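Work through the exercises below with the sequence and the structure at hand. Each task is followed by a solution in steps.

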Amino acid sequence: MTSATTGNGARTGTVLRHTVKKERPAPVSRTAPHRNAAGRNLGTVDLEPTVFGLVPNRAVLHQVVTAQLAATRSGTQSTLTRAEVRGGGAKPYRQKGTGRARQGSTRSPSMSGGGVALGPKPRSYAQRTPKKMVRLALLSALSDRADIGRIVVLDDWGISEPDTRSAVDILKRLKVPGTVLVVLAQDEIDIALSFRNIPEASTSTWAELSAHDVVRADWLLFTDRTLPSAVSDFSGTHEERAALAAAGGPVAQTDEHLETLAEVKPKRRIRRSKATAEAESAESGTETEVTAEADTGAEPKASGDTGDEEADADA
């Protein structure tokens with residue numbers, strides 16, 4: 001907290017440092033080359049400024065990528081303590097009279113074959129990162145690749161069945177040296193199988209796209225179907241984005257889509273006791289129909305038992 005003063009030294013008020021909002025540059029418009037599978041230039045495609053036109057936030061990008069790499073660590077190293085090493089139940093020798101230090105077990109960390117003191121155990125290296133930071137890191141990585149001109153948009157792959165040779169030919173015609181990240185739709189399985197055996201290429205669906213995948217690739221290959229058109233494409237949960245991808249690629253979350261998700265989401269069932277239901281009905285002024293069996297607590301009788309009782313009454 002700082003104090004604002006005038007020229008004569010009089011104090012006029014206080015200013016909080018965290019209330020000063022940092023001005024961020026406005027998104028810029030960028031374009032990417034539009035080509036076909038044969039490598040022919042079809043013009044340019046206007047990229048969404050809010051997705052590909054931001055100034056990369058390097059601090060957030062570094063933190064998110066570090067967290068994603070840490071999440072892949074298994075952390076399975078483990079050592080045995082003195083309680084976990086087999087054996088050592090009997091006292092090795094008597095307490096006094098041997099001239100040696102007293103010992104109660106041969107599995108002590110100070111003895112050969114014993115346990116390990118303060119050794120490594122399985123742990124999780126996962127770090128918690130907010131969803132907004134993950135999204136900002138992804139948008140920063142996409143904006144960086146668009147700024148250096150490493151994004152290519154295809155009209156169609158032209159592959160109807162898994163064919164690695166056709167995938168290699170497409171990469172040669174596009175002239176994209178280095179590592180390539182191919183962004184596919186959820187149902188483009190044949191394309192994913194075609195690029196699977198190419199060491200320089202990696203595939204990812206646009207719903208599972210991460211900042212680390214973008215940073216480690218030199219080129220990004222989108223299609224007209226998978227090119228993000230709004231920030232809302234990366235705003236939903238993984239299940240919602242996967243459902244959108246299965247429906248035909250990234251689209252903005254419209255009101256109709258949100259209503260559909262609300263209908264699909266199961267509703268909670270509220271269970272109320274009989275006394276609570278009667279109390280609520282009495283307050284509302286409505287009468288509830290109560291069966292004789294519910295009042296008496298008698299159990300319903302089977303059809304066979306009813307017939308036998310009637311036969312006995314007739315006899």
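**Exercise 1.** State whether Phe52 and Phe222 are buried or exposed, and describe how their rings are arranged.

Solution. Phe52 is buried, and Phe222 is buried as well; buried means under 20% relative accessible area, exposed over 50%, partly exposed in between, with a 1.4 Å probe and protein chains only. Next, take the rings: the centres are 6.1 Å apart and the planes stand at 85°, an edge-to-face aromatic pair. Rings of Phe, Tyr and Trp (its six-membered ring) pair if their centres lie within 6.5 Å; planes under 30 degrees apart count as stacked, over 60 as edge-to-face and the rest as tilted. Finally, Phe52 belongs to helix H1 and Phe222 to strand S8, so the pair ties together parts 170 residues apart in sequence. Helices (H or I, at least four residues) and strands (E, at least two) are DSSP runs, numbered from the N terminus.

The model is predicted: local features need pLDDT of at least 70, side-chain atom pairs count only at pLDDT 80 or more, and totals for chains, interfaces and linings use all residues. Residues are numbered from 1 along each chain as its sequence is written, and side-chain values use heavy atoms, with hydrogens and water left out.

**Exercise 2.** Classify the pair formed by Trp157 and Phe195.

Solution. The ring centres of Trp157 and Phe195 are 5.4 Å apart with planes at 70°, so the pair is edge-to-face. Trp157 lies in the loop between S5 and helix H4, Phe195 in helix H5, 38 residues apart. Trp157 has 2% relative accessibility and counts as buried; Phe195, at 1%, also counts as buried.
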